[in-house]
Every structure is written in structure tokens, then in C-alpha cells.
Amino acid sequence: MINLQENRTTSNIIILMMAVVIGVGSIIYTNSLVSRILAQEEQQTSIFAKVQEYIATVEAGENINTLIEVIDANYTYPVILTDENDKVLGHRNIRIPKGKDSLAYLAAELAEMKAAHPPIVVEPAPGLKNLIYYKNSDLVVQLKYYPYVELLIISLFFGIVYVLFNASRKAEQNKVWVGLAKETAHQLGTPISSLMAWMEYFKADESLDESIIGELEKDVLRLEMITARFSSIGSPPVLKFENVEQLVKDNIDYLQKRISTKVQISVKNLEGMALGAPLNRGLFEWVIENICKNAVDAMGGIGKINISLSYTRDGKQVQIDISDTGKGIPKSLWKQIFKPGYTTKKRGWGLGLTLAKRIVKDYHKGNIFVLSSAPNEGTTFRILLPRF
């Protein structure tokens, strides 16, 4: 099995794990830092309370300038001083917004402080108790949210880089696709011209079976169409309103004679009327061929392929279901199989379904996906095409 996506997936997982480790480490370190700052603030609050209590008991004339400096040093965490009945006696580091009722605002702040920390009890006089309530400073609050903001910014940065990288990679892939397709068309041109000349030579020989010459002529025409397909890659396709049922049947008629005789292919129109959609005939036949050939391989050359055609319930799209009786696809790979390089064939390039998806989505503005699959029971692909 060739899977060019494995290295990329592994790299993405490693990068994601590194980002998670960095993020978790940042949160743990910041929380540790916040815890230390909180412990310091609680200690400072306790000192502040003791100083307040001492000042209330000193005798007149004592020098308390140093103690006042200790109180003034509290310029970060908000504090409210109340009596034992929670009546506000004073506050520090609380800015009451203009136009706000000061009592109501302080009451709200007090309720918030009660929820944050238990009060510190001080006794300025025998039998008299005051309570000091406080809450975390703005610095601590900002530090709490800092790692999450940091993670958000990093995530946005990586997201933008990822989008730009994918856009750049996709543009480069498109150049490779187009270059490879056009070079293939160019290389096919010479042998096809030679084959056409040989066909004319064989037609002049009356001893050759005309039915064989007819089939060879169909193959040469097919090669011309394949060359035209490759030439059209990278260019805006010309869409014409086509009878989808007839297009699919014509394609299947050609394939049926060139695949295993033990594979039966049926086409059924569930609507009972013509189903039309704007298509590029050559490109869309490529899609049907790729899916049917993959189905033949999945069945080992023995089985059935059922193609059903209908409109979606809203009537806006043509629905094409292609079912086989093959070995099935694990659900984990339903999206993986459409990526370039993924194949289960020993000699496969893993480009068939990638091309099919590109043709349906980019050129026809439709969709293609695995509708259902079960081990050893088969797989159903669904193609949706806009009707107009």
C-alpha cells in the first residue's frame, strides 16, 4: 500500500502534541505564578489588617508615620472595611464609576469579596469587631486569563499559517497537476497520430475482420478523448446540458467490453424520465470510469456494479449512486481515499479518485463521497450534480 499522507499526518500529530505541551506548560506555570502572588496578597492583607488594628489602639502623640506608609503601600488589591454587621466603614483601591450609586456599587463589591475570600477580623477596641474584606488585584485577574489569551493568539496564528500554507501547497499542487496533464497529452499526441494512420491502412485491407477494425477504431477515438481530457486539466471546462442517463450508458457500453466478463454492470433510472445536468462529457466520463474500474478491482474481477440515477428530494441535484459487491472500505478511510497518493494497489498512483473529486467539485460544482460501505459486502459512491 502506498499512502503519501502518512508522513504528513504524523507531522501534524507531532506539531499538535508540541502545541498542547507548550499550552499546558504555560497554563501550569502561570497558575503557579498566580498562586504565589495570591499568597503574597493574602499576607499583605493580613499585615494591613494588623496595622489598622494597631493604629486604632495607639495613644495620641505616638509616631505612626511608618504604619501609615504600610497602609498606603496597598495600592493594588481592593479592600472594604466594615463593622461586624457588614456596614461599610471605608474602602481602598475601589473606583466608583461616575453616575453609579456608591452604596449599591460598594454592596455589589462586598458581595463579590465575600465570595472570593473569608474576611480578616480586627478588634480596634475591646468588644468591638471590624471586618476587612478583599479580592484579587487586577494584576492577578489578568494573569489568570493570560495563558488562555496567549493560547488563543497562538491558535489564531497557527490557524492563519496553516490556511496560508495549505493555499500555497494547493496552488503548487495545481501547477504540478496541470503540467503533468498537459505533458501527458503532448506525449500521447504522436503515437495516436501514428495509430490513426495505421487504422486507415487496415481499413484498406479487405481480408481483415471489420468488427475488429471497428473496435480498434473505438479505442483510438478513446485515446483521442483521453488526450483531450488531459489537455483540459487546468482550463475552465465547457459545460453542456447533457442527458445523464445516456452519457452513463454510453460510457458503460464501452467499458463492459474491456473489463472482466464476470462483472455485470446495470444502469437504472429511478425517475422514469430524462435526467439532465450541465456537464463536460469527456471529464465526467472519466469520473464514471475511475469509480467503475476501482469497483472491478475491489471485486477481484467478479461481481456486480449497479448504477442508479435520480433527483434529490429537493429536486435541485442529479443523484448518481454507484454500488459494487467488493471487499468494502473501512469507515476511517472514507475521506482518505480521495487524497492524492492513497492506493491499495501495488502499482497504483492513488490519483483516480483524487481526479474524480477534482472534476466533480471544482469543475462541476457538485460533490462525491462514500455513501456506505461494509466489509465483504460492497461500497456505494454517491455523486451529486447541480441540475442548472
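Q: Leaving aside neighbours within four places in sequence, which residues is Asn251 in contact with?
A: This is a predicted model, so let's start with one side chain in it. Asn251 sits in helix H6, which runs over residues 244–256. Once neighbours within four places in sequence are set aside, the contacts of Asn251 are Arg222, Glu285, Ile288 and Glu289.

Q: Is Asn251 buried or exposed?
A: The cut-off for buried is under 20% relative accessible area. Asn251 comes out at 0%, so Asn251 is buried.

Q: At roughly what angle do the axes of H7 and H8 cross?
A: Two numbers describe a packed helix pair: the distance between the axes and the angle between them. For H7 (residues 281–298) and H8 (residues 352–363), the axes come within 9 Å. The crossing is left-handed, and its angle is roughly 145°.

Q: How many charged residues does the contact of H7 with H8 have?
A: H7 brings residues including Phe284, Trp286 and Ile291, while H8 brings Leu355, Ile359 and Tyr363 among them. Sorted by class, eleven are nonpolar and three are polar. That leaves the charged class, and its count is no residues.

Q: Which loop holds Asp86?
A: Asp86 isn't a glycine, yet its phi is positive, near 65°. Its relative accessibility is 24%, so Asp86 counts as partly exposed. As for location, Asp86 is in the loop between strand S1 (79–83) and strand S2 (88–92).

Q: Is Asn376 buried or exposed?
A: Asn376 also has a positive phi without being a glycine, at about 60°. You'll find Asn376 in the loop that links strand S10 (367–374) and strand S11 (378–386). Exposed means over 50%; with 66% relative accessibility, Asn376 therefore counts as exposed.

Q: What share of the contacts with a separation of 6 or more comes from residues 24 or more positions apart?
A: Zooming out, the protein has eight helices and eleven strands. Take its contacts with a separation of 6 or more: the share from residues 24 or more positions apart is 67%.

Technical notes:
Residues numbered from 1 in each chain as written. Predicted model: local features only at pLDDT ≥ 70, side-chain atom pairs only at ≥ 80, totals over all residues. Heavy atoms only, no water. Axes fitted to C-alpha atoms, helices over the stretch in contact; angles between N-to-C directions. Helix = DSSP H or I, 4+ residues; strand = E, 2+ residues; numbered from the N terminus. Left-handed = near helix turned anticlockwise from the far one by under 90°. Contact = heavy atoms within 4.5 Å. Nonpolar A, V, L, I, M, F, W, Y, C, P; charged D, E, K, R; others polar. Buried < 20%, exposed > 50% of the residue type's maximum accessible area, 1.4 Å probe, protein only.
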